[in-house]
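Subject: Structure handover

Hi,

Here is the structure for you to look over. My notes follow below it.

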Amino acid sequence: MGHGHHIEIKQETFSMPSKAKSFTMIMMILGLVLSGIGIATIDKSGAAHDTHAGHNEQVATDNHETHEHSEAAHSEHGEEANAEHHDHAVAGTAEHEEHSNVETEAFGPRIEYHAQDKPWTTKIWSNLLVAGYYFTMISLCALFWYAIQYAANAGWSVTIKRVPEAMLTFIPIAFVFVLIALIFGKDNIYHWAHYEHLGLKPGDAGYDKVLDGKSGFLNTKMLFIFPTVLIIWWYFLGNKLRSLSLQEDNAPKGEVSFFKKSIRFSAAFLVTFGFLISILAWLFMMSVDAHWYSTIFGVYNFATHWVSSIAFIAVFVIYLKSQGHLGLVNKEHQHDLGKFMFAFTVFWAYIWLFQYLLIWYAHIPEEMMYYQIRYENYKPFFLGNFILNFAVPFLFLLMRSAKRSSWVFPTIACVMIVGHYFDVWFMVMPGIFGPGAHIGLLDIGVFLFFLGLFVFWTLTQLQKRGLVAINHPFLEESVYHDTGV
Amino acid sequence: MGLVDKNLSLRNRNKMLIGVWEDEDALLSATQAVVDKGVHIHDVFTPYPVHGLDRIIGVKRSRLARIAFFCGLTGLSLMFTMIWYMYVKDWPVNVGNKPVRFSPSWIPVMFEGTILCTAFGMGVFFFLRNRMLHGIKNDLLDDRQTDDRMIMTIETCEGMDEKGLIELMKEKGAVETREFHHGVQTVI
């Protein structure tokens, strides 16, 4: 800051206060309890009757397509039920052939919101998928943030770099939950996975040209192998960067070889992440509406998680600061984090709008279904998403004083963390459950549990090394960082 | 006080003491020394940003951001009005049966209009307030302040130790010292 003003640089260690420990524990337990109540109160037998009316409305607004479901309403759980249902579907399609026009026939049964014949456990697995995916991506984006700082030779962020460094260790934990959700729930979450079991050939009744055309990419092997390989590769790089950072701490002063190596590993991460991150979004999220596609969907997912990852970093930094740690971090760093968050709030809104805009302009029926159900049946959710994730943060973060405030800024960050979780929830739930999805105790409980676990894990990881990257070549630059008047 | 503030013109102020520097480190320590003596520095003119200078001489936060906000609002409403007039009031056109009312396709126009007005508005107001707009006579104390010299100006007031300040400037590496009064510069 001021000329000649000297700041003493010394190492700090963090030990998790018992308050934080009990708070995260309570959050996890509360999450589990809420989830338990949520599971207990799911209507396990008569789900058919609840969603049926809404389902018929959906059919009515979308021509003749899915009348067949009304016959399959009372089927029971499990794969047998699904198969049985599909027989009905086949019969239904044949029955209505005379009413169909050529274009829609080519695409097969486009809208398949058969919530009523999904076993009740689908609710659990889909929530687990949303939470696991969200936190996998949050931790991956923390690594992305970390790698960007190296690749861009950024100096300002060195004093806070231990926070994303701790966050990225959550990648494998969250991903395990995704895998669990996929193993147990994939046939009910993804209707293409269910379709895959049928093994239909061209000419068979109920044959779906679109799903068959996509099956080269959209198949069970791909669903498990591709993301797992990617996550292992990225986590390997993240771990490498972490160990380089620790080695640098223990190296003699002025040793830059670890820094230079980190730049190379960061570049390797950034390239593979940038090109391949969309694949996770396509496989896990977009394929819920398997007939639908949006070319911007991967970017949209990235924008969502990227901005919430920055929000998490900000909250952790301010928390540590409030506990008397991170003495080298001042309002200038917070202000820059705020600018970062502000910029990517706008980026998210831009992508959010333009995905809609492109589809709105083109007005192609098979592209409309994603928005049709969301706009017709979930209008408050649809607009609330925009208000929560753009309007509120935008108007607040526009102010310099809000970005530098020690309570407005973290509050907005928390709003965005919750808002973007809801955004991810909203990407898939209407696709899985049709018009009948709602935010219940289970959804809230799963989020709380994961949030508690993530915060607990990150704080635990923060204890493992000093909070200051003491030998980083840009540490001084960061300490004297100044964004000006 | 108009937008082009006559008081900002150096010609209309008290006698100014001027120091010229070639090196920003010397300039920084000089400004710090002058400020430490309790003297208010009128302004420092540098051809490029010198980090930390704004904090030392206590520059107030620019109000340009607020102007930018209102320029943005102007642009937004201007573009909204424009597209509403064209598309709804004056000449509605049926494009693929899209509704003739506010719709997503308006947003890019409004967005771009906001940015355009913000950027232009900021540019215009910035130069206007700095007295650097065309048509306003410039106020350069030294032509080299836009090239490779840094100029510190101190506005004198009664009871100021002018000699002492000039000495201090010289001691802190000023290559030239001058005074400026009613448009006349004198080397001292």
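Start with α11(A). This helix has 29 residues and reaches 40 Å from its first C-alpha to its last, close to the 42 Å expected at 1.5 Å a residue. Keep in mind that the model is predicted.

α11(A) is not straight throughout: a bend of about 40° sits at A:Gly274.

In general, an α-helix has 3.6 residues a turn, so residues three or four places apart point the same way.

The pairing with α12(A)

Take α12 from that set. Helix α11 (residues 257-285) and helix α12 (residues 297-322), both of chain A, pack at an angle of about 100°, and their axes are 8 Å apart. α11(A) is therefore roughly perpendicular to α12(A).

Which residues meet there? From α11(A) come A:Ile277, A:Ser278, A:Ala281, A:Trp282 and A:Met285. From α12(A) come A:Phe297, A:Gly298, A:Asn301 and A:Phe302. By class, this contact has six nonpolar, three polar and no charged residues.

α12(A) itself

The 26 residues of α12(A) should span 38 Å at 1.5 Å a residue, and the end C-alpha atoms are 38 Å apart, so the two values agree. α12(A) is mostly covered, with 21 of its 26 residues buried. Just after α12(A), A:Gly324 takes a positive phi of about 85°.

Chain A as a whole

Chain A has 19 helices and zero strands. It has 485 residues, and 44% of them count as buried. Look at the contacts in chain A with a separation of 6 or more: residues 24 or more positions apart account for 84% of them.

The interface

How many residues of chain A are in contact with chain B? There are 13, and they touch 13 residues of chain B. On the chain A side, the classes are seven nonpolar, five polar and one charged.

Regards

Definitions and conventions: Residues are numbered from 1 along each chain as its sequence is written. Chains are lettered from A and ligands numbered from 1 in the order in which they are written. This is a predicted model: local features need pLDDT of at least 70, side-chain atom pairs count only at pLDDT 80 or more; totals for chains, interfaces and linings use all residues. Two residues are in contact if their C-beta atoms, placed from the backbone, lie within 7 Å. Ala, Val, Leu, Ile, Met, Phe, Trp, Tyr, Cys and Pro count as nonpolar, Asp, Glu, Lys and Arg as charged, and the others, Gly among them, as polar. Axes are lines fitted to C-alpha atoms, for helices over the stretch in contact, and angles run from 0 to 180 degrees between N-to-C directions. Helices (H or I, at least four residues) and strands (E, at least two) are DSSP runs, numbered from the N terminus. Angles under 35 degrees count as roughly parallel, over 145 as roughly antiparallel, 65 to 115 as roughly perpendicular and the rest as oblique. The expected span of a helix is 1.5 Å times one less than its number of residues. The bend at a residue is the angle between axes fitted to the seven residues ending there and the seven starting there. A residue is buried if 20 or more other C-beta atoms lie within 10 Å of its own, exposed if 12 or fewer, and partly exposed in between; C-beta atoms are placed from the backbone.
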